[in-house]
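I opened this notebook to record what I looked up in the structure. The entries follow in the order in which I made them.

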Protein chains: 2
Amino acid sequence: MTSPAPVVLVFLDPAFPDGRLADASRPQLMATDQGATRGDGVFESMLAVGGAVRKLQAHLDRLVGSAQALDLVIPAQDAWRAAIATGVAEHRSQHPATSPAEDELVVKLVVTRGPEGAESPTCWVQVSPVGALGRRQRETGIDVILLDRGYDSDVAERAPWLLLGAKTLSYATNMAALRYAHKQGADDVIFTSSDGRVLEGPTSTVLLAHLETSDDGAGATRTVRRLITPQLDSGILPGTSQGALFAAAKAAGWELGYGPLEPQDLLDADAVWLISSIRLLAPVNHIDGREVGTPAVQKQLTAELNALFAGIQ
Amino acid sequence: MTSPAPVVLVFLDPAFPDGRLADASRPQLMATDQGATRGDGVFESMLAVGGAVRKLQAHLDRLVGSAQALDLVIPAQDAWRAAIATGVAEHRSQHPATSPAEDELVVKLVVTRGPEGAESPTCWVQVSPVGALGRRQRETGIDVILLDRGYDSDVAERAPWLLLGAKTLSYATNMAALRYAHKQGADDVIFTSSDGRVLEGPTSTVLLAHLETSDDGAGATRTVRRLITPQLDSGILPGTSQGALFAAAKAAGWELGYGPLEPQDLLDADAVWLISSIRLLAPVNHIDGREVGTPAVQKQLTAELNALFAGIQ
């Protein structure tokens, strides 16, 4: 057994305006907590770099949206901000980074419906180091397989009880899909809908890019960079990283596009990534064993997007 | 806040062959437990009557099957049996039933993937009283609405990573569907597939019955009782109560049938029930506001099936 990564826990608690630090080496949850017994709750995972949480507002806003979808009344954003600050400061104090490049922390926000009979949810902030695997995959890229998620791309609108736009704690199928991929020798998954659309990864958003060179009509060539993601109304989670990167790319002159996308669109792209808050941009090298894009273009575009993404607060 | 129901907890622990009793009023789970953070685990809910757990072997077998679907290696059935016996005895000792009719307990088995980095799952038995609502609904019956579960009826076979035959802790959508029903003034839900088949309730199996009277050709009438449930390969959980009741009904001369079923089949039935291990047979009075079956026949068949079900160990 590997020794567990150092974790700092801060519970949101009205009696502690800055959050209540709790011993992560001791049990802190009731066994009847509906998070544990029913996956009944919501969460966010964020990256803190040099002590600053990236895209904090976007994550807090999505947490609020997820909680509303589950009829959970959660503490105000100020309480979350205070608890996050407490947790990040405590972790950096207890476990200082060995170098500025290593100064990355995962900040997870968790809300459960609380123990059976509770009037208010259980809410906490968990701060831990970024895993080595995710950091490595940013560099090496990943191989993915396509897996059917079973839903068609219209279901989110007609069946809100399926909570498709909410980031719930009920991630058993997402984890099962990842285990299934690992058994096939792949690193990750891109889900497709039962009607053949590209959806999302189990813990990430799909991006693809096209580099288009055209004649401007006056004899000069013009290069268009186009960044595309599946349309949101297909029942996927709105990606905070995708959203932020799209805004930055647009400001840098990229053109933006939104699906519907089919698997062939991934294979026809010049580059494909899975993007998420902790692993950031993971270039996709193979999909179902088939090479994706062109390595030189993938490398160039990844570098450009990483530079844009690094500027996001 | 209602005072919480008295709960007894017994953790499975190799150092305690009969299970380790734990204080249910204190936190017992790590905040990093993947049951709480990802709904990553499996469970069973069983009924103990007079201290004896009903259909114990069927529940233990289903727990094993669910765990296998999630690649969880769980303790042997003997360890579960010992912990269950400890938990039930402790609850009956601490909180004796006020009458034999009240001597019903919910025995829940929970397995989570354990805290991040753990080599073995977290496993416990939770014993608590049966809620008044479920007991009442056995008598009064329930009103249900039909809700689309988004999956088609073939998905379970082609997409095992969706874990459709496993009873996972990821119940957020099941709970959301129940809340959606309650907001419509209904008590419960029957899920349908995207291709229009009847599936199951969020926490129950669907049964319907037909009473058919025919002439035997010799001038006498013959009454056939037929009990029908959706076919298992439509991606529903195999119901331990349905299985046991079918066996008992067959022995008592009922004919048995298996779907495919469509919503109209429910409306055309003489009686419809949701059956589950704790609430037992809950007669369905209305579906989407339309009356189901004929009250006199429903009452008669419910009494017959309850009598059969009471004989199941």
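Entry one, salt bridges. I find seven salt bridges across the interface of chain A and chain B, each being a side-chain nitrogen of Lys or Arg within 4 Å of a carboxyl oxygen of Asp or Glu. One of them links A:K183 to B:D71, with the closest N and O atoms 2.8 Å apart.

Entry two, conventions. I note that this is a predicted model, in which local features need pLDDT of at least 70 and side-chain atom pairs count only at pLDDT 80 or more, while totals for chains, interfaces and linings use all residues. Residues are numbered from 1 along each chain as its sequence is written, chains are lettered from A and ligands numbered from 1 in the order in which they are written, and side-chain values use heavy atoms, with hydrogens and water left out.

I list 55 residues from chain A and 54 residues from chain B in the contact (heavy atoms within 4.5 Å). The area buried between the chains is about 4,600 Å², with 60% from carbon and sulfur atoms; this is the accessible area (1.4 Å probe) lost on putting the two parts together, summed over both. A:A31, A:W161 and A:R179 supply 15% of the area that chain A buries against chain B, more than any other three residues.

I count A:E200 as buried because its relative accessibility is 9%, where buried means under 20% relative accessible area (1.4 Å probe, protein chains only). A:E200 touches A:R149 and A:V189, among others.

Technical notes. Buried < 20%, exposed > 50% of the residue type's maximum accessible area, 1.4 Å probe, protein only. Lists of a residue's contacts leave out its neighbours within four places in sequence.
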